[in-house]
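Take a walk through this fold, from the sheet to its helices and then to its charged pairs. Keep the sequence at hand.

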Amino acid sequence: MKMKPHPGYEVMWNLEGEAGATFDEKMAKIVNYKAPNGMKIYDVDIPGLNGAPNIPVRVFRDPKATKAPLLVNIHGGGFVSGSRDRDNHRTSAFAAGVPCTVISVDYRLAPGASFPAQLEDCYAGILWAIKNAEELGIDPDRIALIGTSAGAAITAGLTLYLRDIAGPRIAMQILNFGAFDYTSTTKSVLQLYEGAPLVNGENMSKIWALYMGGFDGKLPSYYAVPALCRDLTGLPPTAVVACEYDPLRDGGIDYARRLLEAMVPTELYVLPRVPHGYDLVQAPLTKWMREGLCASLRREFGMK
């Protein structure tokens, strides 16, 4: 597939020539992260659920804020890598742009921990924030979730779980170029099997197998693979971001279509000529998309 980068995103193709460089080393060359002035950023370990290990969480907040909305950030990394560090540029931008308090959860990674460990750790983050609402300066009745890549799959699964158990109300979920096609058979996976920056279609199913602890011939839980859920009614307003040059593109588009069919208020953005991870680059399209998502969060939080 011939790819022509959107202006400003050519650097993402240039990174592919850096043999031996890790993802985070490549990312450092294109992310110019600076913490916003006046924002308090600190780390804390919170209790895991049902005897699980403590979970590292990073908090981004205005120290003067009271009754602020809460945004829970779930990072990407193919279920096997990534951390709260990787998402600093996203989380601080949303904390400042909404404004709101953000907690970024360092959930356990596969293959050392398989599903449902990741979902449980993120749920633990929500419960901890609600319990400590006064200390965090948040309104526990205004909570939203954002997940990126594999984190979007965890986000969508957690949102389904909270719906099913009548758990804490979620005002909105943002699914940022998310992973939904565990069979890796969509057209975009085949089109972008190789040659795309950062993420190719090759080996996608292997990542899902690591996340779920292998395939046993049974249909996986839809909390692990949200696209398998037949009934998407009753979910909160959702924003789905897909990228033209991303093998995950069609899985996200199909999930958004099904949400709309279920009468879930849904925004779908298909961003032109950018690859998976486009928002690592602080170019105008990234700024435009972030401003739009901040506006959507403000709307669902009932802010002016």
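Start with a term: a residue is buried under 20% relative accessible area, exposed over 50%, and partly exposed in between, using a 1.4 Å probe and protein chains only. This is a predicted model, in which local features need pLDDT of at least 70 and side-chain atom pairs count only at pLDDT 80 or more, while totals for chains, interfaces and linings use all residues. Residues are numbered from 1 along each chain as its sequence is written, and side-chain values use heavy atoms, with hydrogens and water left out.

Now the sheet. Helices (H or I, at least four residues) and strands (E, at least two) are DSSP runs, numbered from the N terminus. Two strands pair if DSSP finds at least two bridges between them. Eight strands make an open sheet, in the order S1-S2-S4-S3-S5-S6-S7-S8, with mixed pairing. S1 and S8 sit at the edges with a single partner strand each, so one side of each has no neighbour in the sheet. From one strand to the next, the twist averages 20 degrees. Axes here are lines fitted to C-alpha atoms, for helices over the stretch in contact; angles run from 0 to 180 degrees between N-to-C directions.

Look at two pairings. S2 and S4 (residues 101-105) are antiparallel, with four bridges. Phe 60 stands opposite Val 102 in S4. Helix H10 packs on the sheet and touches S3, S5, S6, S7 and S8. The direction of H10 makes about 170 degrees with that of S8. Contact means heavy atoms within 4.5 Å.

S7 (residues 238-245) and S8 (residues 266-275) run parallel, joined by seven bridges. Here Val 241 faces Tyr 269 in S8.

Next, helix H6 (residues 150-164). Just after H6, Ala 166 has a positive phi of about 55 degrees.

Finally, the charges. A salt bridge is a side-chain nitrogen of Lys or Arg within 4 Å of a carboxyl oxygen of Asp or Glu. The structure holds 14 of them. One joins Asp 43 and Arg 58 (2.6 Å, N to O). Asp 43 lies in S1 and Arg 58 in S2, so the pair ties together parts 15 residues apart in sequence. Arg 58 is buried at 10% relative accessible area, whereas Asp 43 is partly exposed at 41%.

Another salt bridge pairs Asp 279 with Arg 90 (2.7 Å, N to O). Asp 279 is in the loop between S8 and H10, and Arg 90 is in helix H3, 189 residues apart. Are these two residues buried or exposed? Both are buried.

Arg 257 and Glu 261 also form a salt bridge, with the closest N and O atoms 2.6 Å apart. They are four residues apart in H9, about one helical turn. Arg 257 is partly exposed at 39%, and Glu 261 is exposed at 55%.
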